[in-house]
Amino acid sequence: MDMDAFFASIEQRDNPELRGKPVAVGGSGERGVVAAASYEARKYGVRSAMSSQKAKQLCPDLIFVQSDRKKYKEASQQMMEIFFEYTDLVEPLSIDEAFLDVTHNKKNLPSATLIAKEIKRRIYEKTNLTASAGVSINKFLAKIASDYKKPDGLFVIKPGEAERFVEELPVEKIHGVGKVTAEKMHRLGIFKGIDLKAKSEKWLIGHFGKAGSHFYNIARAIDYREVNPNRIRKSVGAERTFEKDLNVDFAIVTHLYHIEKELFERIKRHGKYGKTLTLKIKYADFKQITRSKTVVYPINTFQKLHRLAKEILHQVELEKSIRLLGLTVSNFPEDKEPVNLQLTLNF
């Protein structure tokens, strides 16, 4: 399941004056970033993670609304409660998206399509928000299907149609194919799933390394990943984009200290104490660097986090004014590889 323009839809739901208008959730200042955009704003090309300045250029009538995480979390929790009424195999991907395996469901309903329709109806009745659902035989296809008819969509890829569907799929839509990989595939004459399917696994591994086996399977509509209700969080992070560039050592250290405090609160909340700390720096010209350090014992006190952050910062030769600072803790001692699915509901 995947919610439709989740943050923006909640703001439009709660403020009738915003309905039918282009809305962006996020900061409207010089350094603001769009966290979410309504479908009215998306028609102009406004997208999440876009700078607010660019968004306003694309859509001069864009209305900015400050985010309200508490409100979004409450709506997300309501939807998750509905999911668990149907199956315990629920794998949240984010605050507004989850995979559900409904092969054996608590309601004994005969098909995933009926379950998806019922869940969509229940979500709307409880939250007055629409969700899009994709139903298929595995995670890859269910995710593709959930994005197919947004907003308020329901798309089903049946087992007998799966391979033919993938054959017509542009490679850009395939899980694991980013911009660089897509460009490489195009140079090799691969534009659709059918082109990928024509290549042997050995050939694909030779050109794309380990990912070649993944592409070989996906081209045949094969995805062995299961729905993992105990999905392991791989990292916890915190970062800030500054209204004015930082170019004084004292200001940099001060702001980093506040990020450390925020990060450690998140670490405690999640109960995740990793052994690797990564510092991210984005300069005024948008050049970005990361520096990491791994220690023997988990970073389980603020003093350890603070000391390690200072060590990493002192090892960096700052080139120019800083636009963004971020810290991420990873490498948790209990980390295990996540595992597999059947149905995705896109809120």
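Which residue forms a salt bridge with Arg 13? Select Asp 14: its closest N and O atoms to Arg 13 are 2.8 Å apart. A salt bridge here is a side-chain nitrogen of Lys or Arg within 4 Å of a carboxyl oxygen of Asp or Glu.

Before moving on, note that this is a predicted model: local features need pLDDT of at least 70, side-chain atom pairs count only at pLDDT 80 or more, and totals for chains, interfaces and linings use all residues. Residues are numbered from 1 along each chain as its sequence is written, and side-chain values use heavy atoms, with hydrogens and water left out.

**Stop 1**

Asp 14 is partly exposed, at 38% relative accessible area (buried means under 20%, exposed over 50%, partly exposed in between; 1.4 Å probe, protein chains only). The structure holds 20 salt bridges.

**Stop 2: strand E9**

Select Lys 280 and Glu 239. Their side chains meet in a salt bridge, 2.7 Å from N to O. Lys 280 sits in strand E10 (residues 276-283) and Glu 239 in strand E9 (residues 235-246), so the pair ties together parts 41 residues apart in sequence. Helices (H or I, at least four residues) and strands (E, at least two) are DSSP runs, numbered from the N terminus. Lys 280 is partly exposed at 22%. Glu 239 is partly exposed at 43%.

Now select Arg 240 and Glu 262. This salt bridge spans 3.7 Å, N to O. Glu 262 belongs to helix H12 and Arg 240 to strand E9, so the pair ties together parts 22 residues apart in sequence. Both are partly exposed: Glu 262 at 25%, Arg 240 at 31%.

**Stop 3: aromatic rings**

Rings of Phe, Tyr and Trp (its six-membered ring) pair if their centres lie within 6.5 Å; planes under 30 degrees apart count as stacked, over 60 as edge-to-face and the rest as tilted. The count is eight aromatic pairs. Select Tyr 257 and Phe 302. Their ring centres are 5.6 Å apart and their planes stand at 90°, so the pair is edge-to-face. Tyr 257 lies in helix H12 (residues 249-270) and Phe 302 in helix H13 (residues 302-314), 45 residues apart. Is each residue buried or partly exposed? Tyr 257 is partly exposed at 33%, whereas Phe 302 is buried at 13%.

Next, select Phe 6, Phe 7 and Tyr 72, which form one aromatic cluster.

**Stop 4: charges over rings**

A charge sits over a ring if NZ of Lys or CZ of Arg is within 6 Å of the ring centre and within 35 degrees of the ring normal. Lys 184 lies over the face of Phe 208, 4.9 Å from the ring centre. Finish at Arg 220, over the face of Tyr 216 at 3.7 Å from the ring centre.
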